[in-house]
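Work through the exercises below with the sequence and the 3D structure at hand. Try each task before reading its solution.

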Amino acid sequence: MLVTGAPLAEVGKIAALRANGLGDLVFAVPALDALRAAYPSAEIVLLARAWHADFVPGRVPSVDRVVVVPLAQGIWSPPGRPDDPGEVEPFFEAMAAERFDLALQLHGGGRYSNPFVRGLGARVTAGLRTPDAEPLDHCVPYVYYQSEVFRMLEVAAAVGAPPTGIEPRLTVLEADRGEAAERLGDDGPLAVLHPGATAGRRRWPPERFASVGDALSAAGATVVVTGAAEEAELVEEVVDRMAEPARGQAGSLSTGGLAAVLSRAAVVVSNDSGPLHVAAATGAATVGIFWCGNMINAGPVTRTRHRPAISWRRSCPACGTDCITGSCEHDESFVADVPLEEVRDSALDLFVAADRPARRGAAA
């Protein structure tokens with residue numbers, strides 16, 4: 001049971017800092033939902049990046065507004081782009097004028113993000129903290145190996161917002177469904193393969209994705225292979241390696257459109273990536289391919305619709321460093337040893353299970 005603090009009095013406006021990636025946003029949704037339930041009349045403002053301002057409205061109903069944060073060290077800063085005091089100082093002035101009652105640091109260990117949150121001028125602050133980070137009014141210890149969903153829920157609980165659910169949920173908008181229909185038509189049932197990931201360490205070999213795709217196609221699926229624009233070659237490699245026809249969608253969908261495609265899938269087979277977590281949050285069944293360390297932080301907590309396939313490799317395949325207790329700079333795959341048969345069989349099981357209700361309806 002999470003330790004739950006007493007609710008705060010007279011909370012009219014809440015800021016929540018979570019300015020990172022797509023999967024990171026998904027992991028924070030249950031905590032945002034908990035805040036909404038505990039403080040139903042408060043305005044919840046997500047402090048995030050420009051893409052959040054486009055994606056979050058309507059899809060994360062607990063958030064009322066998104067404010068884009070400036071470039072700031074440890075918050076978000078593209079390589080070679082230094083902080084701009086001309087943007088940072090006016091930002092904090094504007095945030096002080098917001099007069100937040102509560103500001104939450106849901107961003108990381110706190111070395112940079114805790115001073116950032118303290119700078120908002122909120123009446124009460126709360127969030128995560130490593131031993132070397134500045135304290136906030138309410139702190140939850142940041143210990144690396146922990147489910148990100150439960151990490152965020154602990155922060156919300158510390159300020160009187162107990163969980164209302166543990167699985168993230170995103171709303172798919174009608175505009176998203178329209179985009180998906182325009183790209184894919186009404187063919188189905190769909191099976192989606194997502195062979196990309198930000199880090200090479202999390203990428204399963206493309207030829208194995210192709211083999212899984214052929215098995216799903218033989219079972220009656222229309223196979224779609226998705227990826228970002230910069231993953232176009234990888235997407236085409238998977239499509240080309242398949243014996244059966246498949247549709248490649250690399251960089252052709254907005255994030256909302258991708259969410260709609262994933263929500264339509266009977267099963268999504270993916271590396272540990274933002275689209276995998278979006279798929280689960282929109283109701284799709286998933287087979288996620290995880291390195292064991294990442295499984296602790298990002299793996300699904302239920303098994304009816306989600307079947308993780310886990311590599312138990314501890315050491316870097318290039319240099320032998322134990323990456324559970326240490327780190328190295330190599331980017332070779334840590335999940336290439338996940339067996340094809342395990343992923344394929346889980347995908348087929350979930351695909352057939354998704355088709356059973358339709359078959360029962362037709363028989364009736």
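This is a predicted model: local features need pLDDT of at least 70, side-chain atom pairs count only at pLDDT 80 or more; totals for chains, interfaces and linings use all residues.

**Exercise 1: Helix α1 against helix α5**

Task: Describe how the axes of helix α1 and helix α5 cross, and list the residues that make the contact.

Solution. 
Step 1. Two packed helices are described by the angle between their axes and the distance between the axes. Axes are lines fitted to C-alpha atoms, for helices over the stretch in contact, and angles run from 0 to 180 degrees between N-to-C directions.
Step 2. For α1 (residues 22-38) and α5 (residues 148-158), the axes come within 7 Å and cross at roughly 25°.
Step 3. Angles under 35 degrees count as roughly parallel, over 145 as roughly antiparallel, 65 to 115 as roughly perpendicular and the rest as oblique. Therefore α1 is roughly parallel to α5.
Step 4. Contact means heavy atoms within 4.5 Å. On the α1 side the contact is made by Phe-27, Ala-28, Pro-30, Ala-31, Ala-34 and Leu-35, and on the α5 side by Glu-148, Val-149, Met-152, Leu-153 and Ala-156.
Step 5. Ala, Val, Leu, Ile, Met, Phe, Trp, Tyr, Cys and Pro count as nonpolar, Asp, Glu, Lys and Arg as charged, and the others, Gly among them, as polar. By class, the contact of α1 with α5 has ten nonpolar, no polar and one charged residues.

**Exercise 2: Helix α6 against helix α9**

Task: Find the angle at which α6 and α9 pack, then say what Asp-176 is in contact with.

Solution. 
Step 1. The axes of α6 and α9 are 7 Å apart, and the angle is about 75°. This makes α6 roughly perpendicular to α9.
Step 2. From α6, the residues Asp-176, Arg-177, Glu-179, Ala-180, Ala-181 and Leu-184 meet Gly-256, Gly-257, Ala-260, Val-261, Ser-263 and Arg-264 of α9.
Step 3. By class, this contact of α6 with α9 has five nonpolar, three polar and four charged residues.
Step 4. Asp-176 is in helix α6 (residues 174-184). Its relative accessibility is 2%, so Asp-176 counts as buried.
Step 5. Leaving aside neighbours within four places in sequence, Asp-176 is in contact with Arg-59, Gly-256, Gly-257 and Ala-260.

**Exercise 3: The cover of helix α10**

Task: How many residues of helix α10 are buried, and what covers them?

Solution. 
Step 1. Helix α10 (residues 274-281) is mostly covered, with eight of its eight residues buried.
Step 2. The cover of the buried residues includes α1, β7 (190-194), α9 (255-264), β10 (265-271), β11 (286-291) and α11 (292-298).
Step 3. Just after α10, Gly-283 has a positive phi of about 105°.

**Exercise 4: Cysteines**

Task: How many disulfides does the structure hold?

Solution. 
Step 1. A disulfide is a pair of cysteine sulfur atoms within 2.5 Å.
Step 2. The structure holds zero disulfides.
Step 3. Cys-316 is in no disulfide, and the nearest cysteine sulfur, that of Cys-328, is 3.6 Å away.
Step 4. Cys-316 has a relative accessible area of 3%, so it is buried. Cys-139, at 34% relative accessibility, counts as partly exposed.

Terms used. Residues are numbered from 1 along each chain as its sequence is written. Side-chain values use heavy atoms; hydrogens and water are left out. Helices (H or I, at least four residues) and strands (E, at least two) are DSSP runs, numbered from the N terminus. Buried means under 20% relative accessible area, exposed over 50%, partly exposed in between (1.4 Å probe, protein chains only).
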